[in-house]
Amino acid sequence: MNLKVVTNSENFRNELEDVVRAFEPYVSLRDEGDALVANVYVCEKKSIETEIKMKDFPTISRKYKVDPNWNALLLKRNLKRYLKRDFYDFVSNLTKKNLAYGSLTGIRPTKLYYELLSEGKDAHKELTEYFRVSEGKAKLLDDIIQAQKGIYLEETGKTDFFVNVPFCPSRCHYCSFISEVINPKNNRLPAYADALCRDIAAVSLNKERRAIYVGGGTPTSLPPELLSKVLRAIGAQGEEFTVEAGRPETLTEEKIAVMKECNVTRISVNPQSFKQETLDLIGRRHTVKDIFRAYDLVRKCGNFDVNMDFITMLPEETFEDFKHSVDTAIALGPENITVHSLSIKRGSVFAENNYDNFSDKLSLEMSDYAFNVLEKAGYRPYYMYRQKNTSGRLENIGYALPGKECKYNIDIMEETHDIYASGAGAISKRLFGDGLIKRFAEVKDIKGYLERIDEMIEKKIAFFAE
Ligand code: SF4
């Protein structure tokens, strides 16, 4: 069924359309579809009335009291919540489908959880009864909030530090990042490392660093001397310090020694799957053996925390394949395991080839399996976010053994700390209180970044001086 949204609340149009998109493929958002009308009225500042209607279907019209203590922000927040929830109910009736996250369409459900707590509400109850979140997902959010105790909103006077190294040995078919495949004939790594080191040193921070994250791309694509140059420029002194070594084949004893020398505390070695046929199908160009070799090397050469990433709903994977991957990871015993839901993003090979992995049932089975078996093995979910275009509209969840949670991952999701970011496409963030966040984004493409590095540095200095 094709639907188009008609509303008297243009401010909320995007969110209403997101509700319809969340029900795809059961319905589709189209300009020429049947008109689904969502209206909201505030009556003499005393009540809010919503009305959702469509030809040949029963109308939903509801009335809510306005709390006289609400300021303009709270009134707007509640208007949006009512309208979206009622709109969700309508589309849910229309399709006869319930979604795991109910009427929530944003990428950060934990932010809403904290918001509800700050309003003095029983967040679990509100999520299930009001926002139509399933019992299982509300419990997941309870667990995450619990695991964040002692980390969330701690050390807010400190800043996080992000460094982007957007190079990889090959392109994963689900990738939509700016990452460039290393070209031996036009090796831009040395020039990039030079520019990056200048970028890292550009601003003398008057804040202590809380956590450092070197991501990408695959930072361990850098040869040992360049990796050393970049990590030395960062100059970690005992803070939490993560380096993504996403591709196991890029890890060598020499590079691990460099990381140890530069005080790296956490390394991400990402299998995505322990099934060779899947790795081949998704363009990873490494073997299952490479994963074991890299993991053993990291364990042998240092005292690092290790994270391993996995993805549900990879092509041709059955429930048993996914289960095998998660079970194998648990047997290895990394401190962190992250389970992503495959998202088909614009710009990826999967999107170009119209790869369709839709199965609400299977994606939920995989995600639930990971949740249950990881909890049994002693891991706790500690951060999460949702992405668009995932089967079942599910989420990405980071699990950790207690005390091994990555602060950076929590900070970035909850937006609780400033971020000083360097590298192509890196986004620095400053928090000014009352939800005001200012961002500074560096040039995304690597060529542009190298050409305009002086300009980027100048702008970044001005951004942090403000
Ligand atoms: S390792 Fe990450 S950044 Fe590199 S191609 Fe794969 S998904 Fe993209």
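The following conversation discusses a predicted model.

Biologist: Which residues surround the ligand?

Modeller: The ligand is surrounded by Cys168, Arg171, Cys172, Cys175, Phe177, Ser179, Gly216, Gly217, Thr218, Gly246 and Arg247.

Biologist: How do the residues of that shell divide into nonpolar, polar and charged?

Modeller: The shell around the ligand has 4 nonpolar, 5 polar and 2 charged residues.

Biologist: What joins glycine 216 and glycine 217?

Modeller: A cis peptide bond joins them, with omega about 15°. Glycine 217 lies in the loop between strand S9 (209-216) and helix H7 (224-234). Both glycines are among the residues that surround the ligand. For context, most residues other than glycine have a negative phi, and most peptide bonds are trans.

Biologist: Which residue does a cis peptide bond join to proline 25?

Modeller: That residue is glutamate 24, and omega is about 5°. Proline 25 is found in the loop between helix H1 (13-22) and S2.

Biologist: Turning to the sheets, in what order do the strands of the 5-strand open sheet stand?

Modeller: The order is S2-S1-S3-S4-S5, and the pairing is mixed. Strand S2 (28-29) and strand S5 (57-65) are at the edges with a single partner strand each, so one side of each has no neighbour in the sheet.

Biologist: How many bridges join S3 to S4?

Modeller: Strand S3 (residues 34-43) and strand S4 (residues 47-54) run antiparallel and are joined by 7 bridges. Tyrosine 41, for example, has glutamate 49 in S4 as its bridge partner.

Biologist: Is strand S15 largely enclosed or in the open?

Modeller: Strand S15 (residues 395-400) is largely enclosed by the rest of the structure, because 6 of its 6 residues are buried.

Biologist: Which residues point which way from S15?

Modeller: Glu395, Ile397 and Tyr399 point one way, while Asn396, Gly398 and Ala400 point the other way, and all are buried. In a regular strand the side chains alternate between the two faces of the sheet.

Biologist: What pairs with S15?

Modeller: Strand S13 (residues 336-341) pairs with S15 in the antiparallel sense over 4 bridges, and threonine 338 stands opposite glycine 398. Strand S14 (residues 380-386) also pairs with S15 in the antiparallel sense, over 6 bridges. There, arginine 386 has glutamate 395 as its bridge partner.

Biologist: Where do asparagine 263 and glutamate 415 lie?

Modeller: Asparagine 263 is in the loop between H8 and strand S11 (266-268). Although it is not a glycine, asparagine 263 has a positive phi of about 65°. Glutamate 415 is in the loop between helix H14 (407-414) and strand S16 (418-422), and its phi is also positive, about 55°, although it is not a glycine.

Biologist: Why does asparagine 263 count as partly exposed?

Modeller: Asparagine 263 has 15 other C-beta atoms within 10 Å, and a residue is buried at 20 or more and exposed at 12 or fewer, so this count falls in between. Glutamate 415 is partly exposed with 13 such atoms.

Biologist: Now the helices: at what angle do H8 and H10 pack?

Modeller: Helix H8 (residues 253-261) and helix H10 (residues 288-301) pack at about 40°, with their axes 10 Å apart. The two helices are therefore oblique to each other, and the crossing of H8 and H10 is right-handed.

Biologist: How do H6 and H16 cross?

Modeller: The axes of helix H6 (residues 189-201) and helix H16 (residues 453-465) come within 10 Å and cross at roughly 15°. H6 and H16 are therefore roughly parallel, and H6 passes H16 in a right-handed crossing.

Biologist: Finally, is valine 133 buried or exposed?

Modeller: Valine 133 counts as buried because it has 26 C-beta neighbours inside 10 Å. Valine 133 lies in the loop between helix H4 (123-130) and helix H5 (135-147).

Methods:
Residues are numbered from 1 along each chain as its sequence is written. This is a predicted model: local features need pLDDT of at least 70, side-chain atom pairs count only at pLDDT 80 or more; totals for chains, interfaces and linings use all residues. A residue is near a molecule or strand if its C-beta atom, placed from the backbone, lies within 6 Å of it. Ala, Val, Leu, Ile, Met, Phe, Trp, Tyr, Cys and Pro count as nonpolar, Asp, Glu, Lys and Arg as charged, and the others, Gly among them, as polar. Two strands pair if DSSP finds at least two bridges between them. Axes are lines fitted to C-alpha atoms, for helices over the stretch in contact, and angles run from 0 to 180 degrees between N-to-C directions. Angles under 35 degrees count as roughly parallel, over 145 as roughly antiparallel, 65 to 115 as roughly perpendicular and the rest as oblique. A crossing is left-handed if the near helix is turned anticlockwise from the far one by less than a right angle, and right-handed if clockwise.
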